[in-house]
Amino acid sequence: MSGPVRVRGSVVIPDSELSWRFSRSSGPGGQHVNTSDTAAELSFDVAGSTALPEPYRERALHRLSGRLVGGVLTVRAEEHRSQLRNREAAKARLGALLNEATAPPPKARRPTKPSRRVQARRLENKRRRGELKRGRSGRFDD
């Protein structure tokens with residue numbers, strides 16, 4: 001099975017900080033689905049993690065606040081029929097979530113004003129359009 005979960009750069013979460021739960025998957029599958037615990041639920045304690053550096057942990061706690069329950073992030077995978085593939089899918093999903101949550105904030109947008117030429121062109125186009133529509137009305141203003 002794949003190793004630790006890669007977050008970003010050299011930051012990885014070791015398997016010792018992950019906890020697994022398995023249950024029966026829903027959906028079609030006949031007798032197999034009724035007897036096998038193939039759905040994988042992966043939990044990671046973001047608040048208590050020692051693997052995440054402090055700035056990453058703060059960003060993750062802030063950005064994932066709606067998904068955390070007591071500082072713990074839980075990801076569930078049940079799309080495959082095998083437990084192994086569901087475990088790999090859950091690990092990949094957790095890695096993607098943490099990668100996005102720990103990304104640095106985007107560069108602030110510097111507000112700009114449209115140039116005079118662009119403003120004049122826009123107003124000229126509006127004037128032309130208005131004249132065109134006025135010409136369709138059937139009334140002639142002389």
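This is a predicted model: local features need pLDDT of at least 70, side-chain atom pairs count only at pLDDT 80 or more; totals for chains, interfaces and linings use all residues.
Q: Which element supplies the largest share of the largest nonpolar core?
A: This core holds 22 residues, among which Phe 44, Leu 64, Leu 73, Leu 94 and Leu 98 touch the most other members. At least two residues each come from strand 1 (5-8), strand 2 (11-13), strand 4 (39-45), helix 2 (54-63), strand 5 (72-77) and helix 3 (83-101). The largest share, six residues, is that of helix 3.

Q: Which residues does Leu 94 touch, not counting residues up to four places away in sequence?
A: Leu 94 is one of the core members that touch the most others. With residues up to four places away in sequence left out, its contacts are Val 5, Leu 18, Leu 42, Phe 44, Leu 73 and Val 75.

Q: Is Arg 57 buried or exposed?
A: Arg 57 is located in helix 2. Its relative accessible area is 14%, and the cut-off for a buried residue is under 20%. Arg 57 is therefore buried.

Q: Which residue has its backbone oxygen 2.8 Å from a polar atom of the side chain of Arg 57?
A: Beyond four places in sequence, Arg 57 touches Val 46, Ala 47, Ser 49, Thr 50 and Leu 52. The backbone oxygen that lies 2.8 Å from a polar side-chain atom of Arg 57 belongs to Ser 49.

Q: Against which elements do the buried residues of helix 2 pack?
A: The buried residues of helix 2 are Tyr 56, Arg 57 and Ala 60. Viewed down the helix axis, they fall within an arc of 100°, so they line one face of helix 2. These buried residues pack against strand 1, strand 2 and helix 3.

Technical notes: Residues are numbered from 1 along each chain as its sequence is written. Side-chain values use heavy atoms; hydrogens and water are left out. A nonpolar core is a set of buried Ala, Val, Leu, Ile, Met, Phe, Trp, Tyr and Cys residues joined through side-chain atoms within 4.5 Å. Buried means under 20% relative accessible area, exposed over 50%, partly exposed in between (1.4 Å probe, protein chains only). Helices (H or I, at least four residues) and strands (E, at least two) are DSSP runs, numbered from the N terminus. Contact means heavy atoms within 4.5 Å. A polar contact is a pair of N or O atoms within 3.5 Å; within protein, one must be able to donate a hydrogen and the other to accept it, and residues adjacent in sequence count only if both atoms are side-chain atoms. The arc is that of the directions from the helix axis to the C-beta atoms.
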